[in-house]
Every structure is written in structure tokens, then in C-alpha cells.
Amino acid sequence: MSINVYRNESLVQMETYETDPTSADALVTAVRSKWATLREAGLAGDYPIEVLRSQPNGTDKVRVVEVFRWTSAQARLDADRNPAYQAVSQRIADIVAGPGAKEIYTQAVRGFNENFPGTGGVELLKGVCSCLLTVDGMVKDYRMSVKNGIVLMHRSPRMDLDGDGYNEMYLKILMHGGEIIQAALGPIRVEQNFARPNDGMVRSNSKDGNDFPGTAVWRVSWKIQTPMGPLLTDPDQPLIFGPATVNHYPPVGTRFHSPTGPVALIHEETGMRVGTLTPGELTAFDIVVTKDDEIYADVLNTPPADIFEILDEYRARMNGRDAEPVGAAVGGPHED
């Protein structure tokens, strides 16, 4: 599957200004006000502005650089007709020594690691997940595709966690979920069942050289919020996605098919079985934020022994092959 690594085509703007050291703070304040004005008017994107300020280094000039993203090409045109934007732009012009340099860029999805990162950290990913949902007497084999899902997870540092000579990276899911509307059931929110393990593992396929390609597997349990009350996927049967071969990290674009068959749906408040869920496919299509750990956290970096058992069990069950698609697969990572 090909991946378009570019997004926000020609919407990233960088402007560079110069002023004297005594006016530097005022310039930074004005640039921050400019972004706030654009954001409040719905013209600037959700990514925060980056404001960079140089040190004088013996010169009589301070350089301030701003980088931000327009919400659309039309927003860039609309800004020139916005009185508040015009006013703050004039404030900046009154401070700087001359006209600033303005450049327009495309933005690429963040780079990929060839090895597991040597430092643990937190990742926020956007993705899509599909399944077949059956609620007795209401819907049967409904192809539920949550295209606006997010996953917040912690990755462990690169290490041989079980001493077998292969590097691994343990992935602990801190929170995941997404929302859809189904005609018979109404609004549905898929959430993490925090009472059960939600995590994953990537193991290198080679003892020497780069860690990739590797083999990955995910284990999750869901709480599905519905108008009829919260429904739990069988607490005794986690939903498995993978194994799948991953060629880089983060695994953006990798399709994790599920070999898990139908599992029971349990009404949390009554304990009654009310249907089934068959997991289909899990795909991350964009990485929003990556942040390396500043404090080492053993509780997040130490995997439970059974995640190794799950990885080995499903690799053996699939005879070393990746899990195959099932009928629940809907759409793809481009559909957000």
C-alpha cells in the first residue's frame, strides 16, 4: 500500500522578521497575537505556532521566525480582508526593521525510525478501526468503521526485554477511542476498557542490523458507549490485531488485521450477553505528536509476561504469516 507522506499541501507558512534587541520582546508578543487572532477567526490550523528567536551574538539585530499552518488556501486569502489580522500585521510592521521574508511549504508526515527509539516516549496517533457489530434484535453484522479514532500510547526504549537476543519495544495504550452514529443504535463511542490490558509489542525479526522489519501485535478490550448503555467486549477474550510485519516506526500505514473471531458483547450494567463483535482491521494513518520521556518510568516500560505469550501464540498460529483480512475490514487509512 502506498502512503502519501505529505499533508496540508502548501498551507504551512514561515515568516522571518528582524528588529533591534530592545524591541525583540514586543515583536514576539505581536507575533503571538497574530496567531491568536488567526486562530480565533478560524483561519489558522490546530497545530500551535512555533516562534523562534535568535540571540544577538554581537550584532544589532534579533531575528524572530514564526511557523504556522493555515486551515485552508481560502483562509489565507480571507486573512487579508480581516480587520483584526490587518491591525496586528501593522503592529508587527511598525516594530521590524523592514519587510519580512515569507515562505510557503507543504508538510510531511513525521519521519520514521529504522530502529526502535533508544528513549521511551509518548505518541499520539490518528487512525481507523473496523469491525462487525451485532446487537441482538437491533443490528446484525453492521460494518462499523471508526475513522476518527485516536490512540495515545507509551513506547518503551529499545531493549531485549526477554533476553532472547531480539530487540523489542513494548507499547502500552494509555487511551484510545472514536465515535460514529449508527441508524438503529444512534451515537456510539468506542472506548478503552481500562479494567483490561490494552497494549502491544514489536519484536525485531533479526538479531543483527536494523530492528526493522519487525513483527507487531496489539491486544485491546473495548467499552462501547451506546444509548442502551455501555457494552463490553468479552473481558476473557481480548481483541487481537496482528501479527503484522512493520517496516518502520511509528507504524503509520501498516494494516493490522485481526485473527480474532466473534467475541461476546456484555451489557455492563446487567451482565447479560447482548450480541457479538468481530474485529476487522486497525490502521494508524498519521502521527500527531511524539514526545520523548524526560523521566524514566519503569511501570510503563515493563511489559507483562503474557504479551510475549500472545505474540508467540499468534505468530505460531499464523505460521509466521501476517494475519489475513476478514469481512469486517472497511475503508482504509486514507478515509478520515
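Which residues does Leu277 touch, not counting residues up to four places away in sequence? The legends below begin with that residue.

**Figure 1. Contacts of Leu277 in the predicted model.** The structure shown here and in the other views is a predicted model. Not counting residues up to four places away in sequence, Leu277 touches Cys131, Leu132, Leu133, Met144, Trp222 and Ile224, and also Thr233, Leu239, Gly261, Pro262, Val263 and Leu265. Leu277 is one of the residues with the most contacts inside the largest nonpolar core, along with Leu133, Met144, Trp222 and Phe241.

**Figure 2. The nonpolar cores.** The largest nonpolar core has 38 residues. Strand S5 gives the largest share of this core, namely five residues. A second core is separate and has 21 residues; among them are Leu11, Leu43, Val62 and Ile92. In the protein chain as a whole, buried residues make up 46% of the 336 residues.

**Figure 3. The salt bridge between Lys34 and Glu15.** The side chains of Lys34 and Glu15 meet in a salt bridge, with 2.6 Å from N to O. Lys34 belongs to helix H1 (residues 24–40) and Glu15 to strand S1 (residues 6–19), so the pair ties together parts that are 19 residues apart in sequence. Lys34 has a relative accessible area of 2%, and Glu15 has one of 8%. Because buried means under 20% relative accessible area, Lys34 counts as buried, and Glu15 does too.

**Figure 4. The salt bridge between Arg155 and Glu123.** Here the side chains of Arg155 and Glu123 form a salt bridge at 2.4 Å, N to O. The pair links distant parts of the chain, 32 residues apart: Arg155 is in strand S6 (residues 139–155) and Glu123 in strand S5 (residues 121–135). Arg155 and Glu123 are both buried.

**Figure 5. The salt bridge between Asp306 and Arg219.** In this pair, the closest N and O atoms of Asp306 and Arg219 are 2.9 Å apart. Asp306 lies in helix H5 (residues 305–317) and Arg219 in strand S10 (residues 214–220), which places the partners 87 residues apart, in distant parts of the chain. Is Asp306 buried or partly exposed? Asp306 has 30% relative accessibility and counts as partly exposed, whereas Arg219 is buried, with a relative accessible area of 4%.

**Figure 6. A network of salt bridges.** Side chains of opposite charge can pair when their charged atoms come close. In this view, salt bridges link Asp162, Asp164, Glu168, Arg203 and Asp312 in a network. The structure holds 23 salt bridges. The protein chain carries 32 positive and 45 negative side chains, and the centres of the two sets are 3 Å apart.

**Figure 7. The surroundings of His267.** His267 is found in strand S15 (residues 263–267). This residue is buried, with a relative accessible area of 8%. Leaving aside neighbours within four places in sequence, His267 is in contact with Met228, Gly229, Pro230 and Leu231, as well as Met272 and Val274.

**Figure 8. The protein chain that holds these sites.** The chain contains five helices and 16 strands. Its C-alpha atoms fill a box of roughly 70 × 50 × 35 Å, taken along the principal axes. Of the contacts with a separation of 6 or more, 71% are between residues 24 or more positions apart. The accessible surface of the chain comes to about 16100 Å², and 51% of this belongs to carbon and sulfur atoms.

Note on methods
Residues are numbered from 1 along each chain as its sequence is written. This is a predicted model: local features need pLDDT of at least 70, side-chain atom pairs count only at pLDDT 80 or more; totals for chains, interfaces and linings use all residues. Side-chain values use heavy atoms; hydrogens and water are left out. A salt bridge is a side-chain nitrogen of Lys or Arg within 4 Å of a carboxyl oxygen of Asp or Glu. Helices (H or I, at least four residues) and strands (E, at least two) are DSSP runs, numbered from the N terminus. Buried means under 20% relative accessible area, exposed over 50%, partly exposed in between (1.4 Å probe, protein chains only). Contact means heavy atoms within 4.5 Å. Accessible areas come from the Shrake-Rupley method with a 1.4 Å probe; for residues, only the protein chains shown count as cover. Lys and Arg count as positive and Asp and Glu as negative; His and the chain ends are not counted. The place of a charge is taken as NZ of Lys, CZ of Arg, CG of Asp or CD of Glu. A nonpolar core is a set of buried Ala, Val, Leu, Ile, Met, Phe, Trp, Tyr and Cys residues joined through side-chain atoms within 4.5 Å.
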